[in-house]
Structure formats: C-alpha cells, structure tokens
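Hi there,

Here is the structure I promised to pass on. My notes follow below it, and I hope they are handy when you open the file.

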Amino acid sequence: MACNLPKEGVFINFPESPAIMKFKFATALTGLLAGLALLTSVPAQADDSLSAVMAKKSISLGIATDFPPYGFMGPDFKPQGLDVAVAQLIADKLGVKAEMTPVSTPNRIPYLQTRKIDLIVSALGKNAERAKVIDFSVAYAPFYQAIFGPKSLSIKSYQDLSGKSIAVTRGTIQDDILQQVAPPTLKIQRFEDDSATVAAFVSQQTQLLATGAAVAGVAIQKNPQVQAEYKLLLKDSPNFIGARQGEKALLDKVNEILRQAKADGTLNSYAQRWLGRGLGDLPE
Amino acid sequence: MSLDFLVVLAQWPMLLKGLALTVLLTAIAAPVGSGLGIACAWARLHGPSWLRVLVGSYVELIRNTPFIIQLFFIFFGLPALGVKLSAETASILAMVLNLGAYACEIVRAGIESTPPGQIEAAKSLALNRWQIFFRVVLPPSLARVWPALVSQIIIVMLGSAVCGQISTEEISYAANLISSRTFRSMESYILVTLVYLGFAVLLRQTLNWAGPRFIFGR
C-alpha cells in the first residue's frame with residue numbers, strides 16, 4: 001500500500017473544533033496587545049536613573065587613562081587629569097563613591113549602553129551621529145587645537161608669530177587655520193604626521209608647535225626640558241559628559257552640578273590647572 | 001574618474017619653487033658628493049690603515065641603512081648633540097653623505113680597473129703620486145664608470161623627494177601640499193612624476209655631455 005503520510009518537515013494542519021480555535025485566537029490577540037503595551041509603555045526606570053545611583057551609593061564613570069591632560073595615569077598609578085577631576089566632582093556632589101573605569105574611544109559608548117558605566121567623562125565631543133544614541137550634558141571643558149611654545153617666548157596674538165618657525169602636521173585643521181591667520185613671515189614647516197611634527201618641536205628645529213590639546217599634552221609631559229606651554233588658541237571644540245538615552249533625572253542632576261561648578265569657578269580652576277588656560281566660551 | 005589638472009596647475013608658483021629647490025639640492029649635492037666619493041676611493045686604496053678603516057665604516061654604514069633614516073638622524077637626532085641644521089642644510093648634508101658612500105665604491109671600481117701598465121708608464125716618466133692619480137688614473141677611471149656614477153646621481157636626485165618629510169619645500173612637498181588642499185592627489189602626483197621624469201632625462205643628457213667635455217676627455 002502506498003504511504004499516504006506526508007514527508008518529514010511538512011506542517012500538518014489538523015482540523016479543530018470552533019471552540020478551540022476561538023480560544024487560540026483570543027490568547028494570540030491578548031499576547032499581541034500585551035506585547036504592544038510593553039513596547040509603547042514609558043519605562044519607569046528612566047527616572048529611576050538618579051535614584052538607582054543613590055541606592056547603590058556609587059557611580060561608575062568612564063574615563064580615559066592614556067589621554068593627557070584630560071585623563072592619564074599619574075606616577076602613583078592613580079588616574080588624574082581634567083576629566084578625572086570633573087568625574088570626581090560629580091560623584092562628590094552626588095554624595096556617592098566614584099568608580100573610575102578606564103574606557104577607550106571605540107568602547108566608551110557601548111560600555112555606556114550596556115550599563116558597564118553610568119556616565120562618559122573622557123574628552124567626549126558632541127556630534128549628530130553620537131546624539132542619536134546617547135544624551136549629552138552641557139559642556140564642561142574646552143578641547144582645542146592651539147599653538148604651544150617654550151616659556152621664554154611670548155606669544156599673545158597672531159602678530160607675535162612673525163619671524164618665528166612653527167611645526168604643524170600637513171592637512172590638519174591647525175594647518176588650515178594657520179594658513180588663514182598667520183602673518184606671512186611665519187615659517188610654517190609641515191610634516192607628514194603628528195610624531196614627526198612633535199619630534200621637530202621637541203628637537204627644537206622649530207620654535208613653536210601647532211597641534212591638538214591631547215597630542216601637545218603627551219609631548220609636553222614627555223619632554224619637560226623644552227619647558228613648553230599653551231600659547232594661543234586656534235580652534236575650540238569642547239568636552240561633554242555622555243549619559244544613556246532617556247536617563248533624564250541623572251542628566252539633569254549632572255547638568256545642575258556642572259552649571260554650579262561653572263558659576264563658582266571650579267571648572268575654570270580645573271582648566272587653568274590642567275590646560276593652562278581658562279574655560280573660554282563653553283556652549284550649553 | 002575625471003582629472004582636473006587646471007586646479008593643480010593653478011598652484012604653479014608653489015610647484016616652480018619646489019622644482020627650483022630640487023634643482024638646487026641636486027646642483028650642490030652632485031659635485032660635492034662625487035668629490036667626497038673620489039676622496040674616499042683614494043683613501044680606501046692609498047690611505048693609511050686607520051683612514052681605510054674609518055672610510056670603510058662610513059661607506060658600509062651609509063650603504064646599509066635607508067636614506068630616510070640617515071635624513072631623520074641628521075635632522076631630528078643631531079640637535080640632541082647640539083648641532084641644529086635647517087631642513088635644507090640637513091637635506092643637502094644627507095644627500096652628500098649618501099652619494100659620497102656610493103660614489104666611493106663606484107669610483108674605486110674604476111680606479112682598480114686601471115691597467116697596471118698605465119701606472120708603470122707614468123712612473124717611468126717621473127710623474128709624482130698626485131700627478132699620476134689626477135692625470136693618469138682618475139680621468140680614464142671616471143670615463144669607465146661614468147654611466148654608473150650618473151645613475152647614482154640621478155638616484156640621489158630622485159631621493160631628494162624624501163627630504164619633504166623634514167619639511168624641505170622641494171617639489172614632492174609641494175605636490176603633497178597641493179593634493180591635501182585640493183584633494184586632487186592623482187593629478188598632483190601625475191604632474192610631479194612627469195616633472196621628475198623630465199628632469200632626470202635632462203640631467204642624464206647634461207652629465208653625459210659634460211663628462212667627456214670637461215672631466216675626462218673624449
């Protein structure tokens with residue numbers, strides 16, 4: 001007798017009684033509605049963000065540990081820097097313990113999203129792409145490209161650059177700006193990358209250096225004999241604190257702390273200490 | 001892909017300045033380097049043994065290290081010893097030292113291939129050591145190795161492109177700068193390639209014409 005059974009893998013639809021089918025339909029519909037309700041409901045945790053932190057009595061802050069002068073390891077193997085100081089300030093004002101977690105540029109947003117850290121405090125710049133996935137606080141510190149030089153040279157304006165020599169990396173923002181603002185007697189020596197540019201300045205082949213704050217931070221830290229310091233600003237692009245999307249309570253509190261610190265001069269003193277310059281005009 | 005040479009050619013003052021510096025670097029490095037090479041070749045063959053060791057070490061050091069490393073050493077490293085040279089001076093020095101080492105070996109090969117009869121004949125005519133070297137041995141030696149020496153000079157001329165790495169504003173530096181400003185790298189580099197090609201051919205023709213005429217006789 002020929003086998004009438006269907007081949008393996010074919011779904012067999014047995015006819016059912018109307019009552020069972022109605023029950024199944026009702027269950028399915030309830031399930032669907034419940035699912036939709038869950039999706040669209042405003043999660044109550046959004047405003048638990050601040051109270052969650054207070055409850056666990058500590059806040060996990062993502063900092064950089066290889067990015068002087070914002071975040072780096074001091075000789076005692078404790079993190080220090082402008083960002084670290086601001087992170088500590090936030091924890092202190094919240095009245096909780098600060099857990100400093102080293103993060104890197106690629107992993108800091110994923111760490112934030114997966115709750116490994118509660119806030120990003122590591123030279124985070126604001127742009128539209130990042131704003132799609134995290135929320136930003138108000139700005140708390142400048143990040144900038146500037147001119148650096150030895151203490152013995154006095155550079156207060158672009159005109160003071162006349163007759164000097166400066167090292168800059170070809171094709172960077174600093175290079176473009178120098179082209180526009182520098183006096184014609186400034187000798188601009190361009191190198192192919194940051195390391196050659198810094199090498200030229202450190203070996204005193206050029207008197208001045210135009211580069212980003214972080215690169216200069218490393219160069220100055222590693223070469224104290226050059227006695228270099230910040231001289232003139234070329235472009236500003238400040239630091240913001242990053243928080244998870246929707247954690248409005250925590251972010252509002254952080255903004256309140258930052259605004260207070262700006263008003264009473266704490267942020268300015270940090271900038272003076274770690275960057276050698278004032279806050280300048282920080283956007284909101 | 002459309003090529004827009006006009007954007008690059010609009011920067012012709014910068015390109016011309018770069019070419020002028022390349023020509024200048026070569027014009028100084030070629031004779032000085034060749035002269036150094038001839039002196040070193042003599043030292044290796046006829047000098048006292050301490051001089052032979054010294055020159056031998058210099059030649060081996062230069063021939064077995066990359067030019068860019070030699071250049072970086074002179075520009076970035078010497079200031080630590082208190083010797084600070086400008087980018088252009090450092091470039092010329094590096095090119096002279098580089099050519100000197102290679103030219104030493106090339107010229108030495110020419111000198112060593114002098115038939116001994118020439119020297120015997122010169123001695124029998126009571127010529128002194130210097131006359132023998134400069135009048136009897138060197139000119140025919142140079143004639144023999146002229147193609148190799150000219151090639152080495154061209155190589156060092158093309159090597160001047162590396163000097164842009166220490167901010168010497170020769171033509172490769174100009175091309176790099178133009179391409180990073182206009183984002184037309186293809187056009188910049190095609191143009192500069194043609195310039196190098198033209199200059200190399202011109203230099204070779206000039207040296208091949210000048211050699212027999214001025215240096216070693218027809």
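How many bridges join strand 1 of chain A to strand 6 of chain A? Two, and these strands run parallel; strands pair if DSSP finds at least two bridges between them. Within that pairing, Leu61(A) stands opposite Leu119(A). Strand 1 (residues 58–63) of chain A is also joined to strand 5 (residues 97–102), by six bridges and again in parallel, with Ser58(A) opposite Lys97(A). Helices (H or I, at least four residues) and strands (E, at least two) are DSSP runs, numbered from the N terminus.

A word on the source: this is a predicted model, where local features need pLDDT of at least 70, side-chain atom pairs count only at pLDDT 80 or more, and totals for chains, interfaces and linings use all residues. Residues are numbered from 1 along each chain as its sequence is written, while chains are lettered from A and ligands numbered from 1 in the order in which they are written.

On to chain B. Among the buried residues of helix 9 (residues 185–215) are Leu191(B) and Tyr196(B), buried meaning 20 or more other C-beta atoms within 10 Å of the residue's own, with C-beta atoms placed from the backbone. The buried residues of this helix pack against helices 1, 7 and 8 of chain B. Just after helix 9, Gly217(B) takes a positive phi of about 75 degrees.

Finally, the contact between the chains takes eleven residues from each of chain A and chain B, counting C-beta atoms, placed from the backbone, within 7 Å. Strand 10 of chain A gives the most to its side, with three residues.

Best wishes

How values were computed:
A residue is buried if 20 or more other C-beta atoms lie within 10 Å of its own, exposed if 12 or fewer, and partly exposed in between; C-beta atoms are placed from the backbone. Two residues are in contact if their C-beta atoms, placed from the backbone, lie within 7 Å.
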